[in-house]
Amino acid sequence: MDITGKTALVTGANRGLGRQLVAQLCDRGAKVYAGVRNPQSVDLEGVTPIALDITDPTSVATAVDATGDVSILINNAGISTGTSLLTGDLANIRLEFDTNFFGTLSVIRAFAPQLGAHEGSAVLNILSGLSWISFPQAGAYCAAKSAEWSLTNALRLELAPQGTRVSALHVGYMDTDLVRRIEAPKADPADIARIALDGIEADTYEIIADEPARAVLARLSGGVAALYPQLP
Ligand SMILES: NC(=O)c1ccc[n+]([C@@H]2O[C@H](COP(=O)([O-])OP(=O)(O)OC[C@H]3O[C@@H](n4cnc5c(N)ncnc54)[C@H](OP(=O)(O)O)[C@@H]3O)[C@@H](O)[C@H]2O)c1
């Protein structure tokens, strides 16, 4: 996939990783729709803001009608409420799934015909090392990202016949609002955006963006003992 000259849509495009993806897609010669809840929040020149709340089916349908030529879809919009599955508010758990899982799913379903109208097209879902490992204090986020990983695999198979390549980016912590309360080493989202776009251009199905994500992936084959050594 050569990004130059393609039309891309990025969800959650106004800040964090999404904003970096938009800027770098422009640098690589793409026409870019910045999908955002508040079009006034887009501060980059040369992009087209599109009102898009991924949890609102009417908003998603309106965004489909307002575009028409998208061949690269980046599902970046996401939330993390820091909710325990055992003791947290069920409304927060539902919101995590409504956004990270159902929101992403509904955007892909809605844009699938538009993507399929091109000879080659790409979907990139922004996942996490937490798709593969769980922390109780963020259990809802981990579960939703894990489900989003599963949908990525299923839709990769379903969309392959129409020439749409579905990939995922796995990353540890990035220095964005999403994790501003967490004290830990964090990657620069500009570096992660570059790795993500290089991954799309290299037709990589699973883009492992940093060392923390790579380390979790390596532990997966070791089962529960490798992933959760704190267990008796
Ligand atoms: N930061 C990390 O450490 C980290 C690690 C692994 C994966 N990720 C993933 O990376 C992606 C980007 O996160 P980030 O770190 O850049 O977070 P961020 O700075 O908090 O940005 C989140 C973006 O998602 C948008 N968004 C949230 N709910 C939405 C909805 N219903 N409809 C449309 N847009 C919505 C936000 O829009 P508003 O401005 O309107 O709220 C914002 O643009 C997420 O999928 C996240 O799960 C992040």
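In this predicted model, helices α2 and α3 pack at an angle of about 25°, and their axes lie 10 Å apart. An angle under 35 degrees counts as roughly parallel, and α2 and α3 are therefore roughly parallel to each other. The crossing that the two helices make is right-handed. On the α2 side, the residues that take part are V60, A63 and V64, and they meet S106, V107, A110, F111 and Q114 of α3. Sorted by class, the residues of this contact comprise six nonpolar, two polar and no charged ones.

One residue of this contact is worth a visit of its own. V64 sits in helix α2, which spans residues 57-66. When neighbours within four places in sequence are left aside, V64 is in contact with A110, F111 and Q114. A distance can be given for V64 and L52 as well: these residues are twelve apart along the chain, and 9.6 Å separates their C-alpha atoms.

Which helix does α3, at residues 90-116, meet with axes 8 Å apart? The partner is helix α4, formed by residues 139-159, and the angle between the two is about 15°. This angle, too, falls under 35 degrees, and so α3 and α4 are roughly parallel to each other. As α3 passes α4, the crossing is right-handed. From α3, the contact draws on I93, E96, F97, N100, F101, T104, L105, I108 and A112. Facing them in α4 are A140, Y141, A143, A144, K145, A147, E148, L151, L155 and L159. This contact of α3 with α4 holds 14 nonpolar residues, along with two polar and three charged ones.

The strands come next. Seven of them form an open sheet with parallel pairing, and reading across the sheet gives the order β3-β2-β1-β4-β5-β6-β7. At the edges are β3 (48-51) and β7 (206-208), each of which pairs on one side only. From one strand to the next, the twist averages 20°. A look inside the sheet shows how two strands are joined: β1 (residues 7-11) and β2 (residues 31-36) run parallel and are linked by five bridges.

Another pair of helices is made up of α1 and α5, the latter covering residues 189-201. Their axes are 8 Å apart, and the packing angle is about 55°. That angle makes α1 oblique to α5. Here again the crossing is described by its hand: α1 passes α5 in a right-handed crossing. In α1, the residues involved are G16, L17, Q20, L21, Q24 and L25. In α5, they are P189, A190, I192, A193, R194, A196 and L197. The contact of α1 with α5 contains nine nonpolar, three polar and one charged residues.

Finally, charged side chains can be paired up across the model. How many salt bridges does the count come to? The total is eight. One example joins the side chains of R19 and D43, with 2.9 Å from N to O. Where in the chain do R19 and D43 lie? R19 belongs to helix α1 (residues 16-27), while D43 is in the loop between β2 and β3.

Methods. Residues are numbered from 1 along each chain as its sequence is written. This is a predicted model: local features need pLDDT of at least 70, side-chain atom pairs count only at pLDDT 80 or more; totals for chains, interfaces and linings use all residues. Side-chain values use heavy atoms; hydrogens and water are left out. Axes are lines fitted to C-alpha atoms, for helices over the stretch in contact, and angles run from 0 to 180 degrees between N-to-C directions. Helices (H or I, at least four residues) and strands (E, at least two) are DSSP runs, numbered from the N terminus. Angles under 35 degrees count as roughly parallel, over 145 as roughly antiparallel, 65 to 115 as roughly perpendicular and the rest as oblique. A crossing is left-handed if the near helix is turned anticlockwise from the far one by less than a right angle, and right-handed if clockwise. Contact means heavy atoms within 4.5 Å. Ala, Val, Leu, Ile, Met, Phe, Trp, Tyr, Cys and Pro count as nonpolar, Asp, Glu, Lys and Arg as charged, and the others, Gly among them, as polar. Two strands pair if DSSP finds at least two bridges between them. A salt bridge is a side-chain nitrogen of Lys or Arg within 4 Å of a carboxyl oxygen of Asp or Glu.
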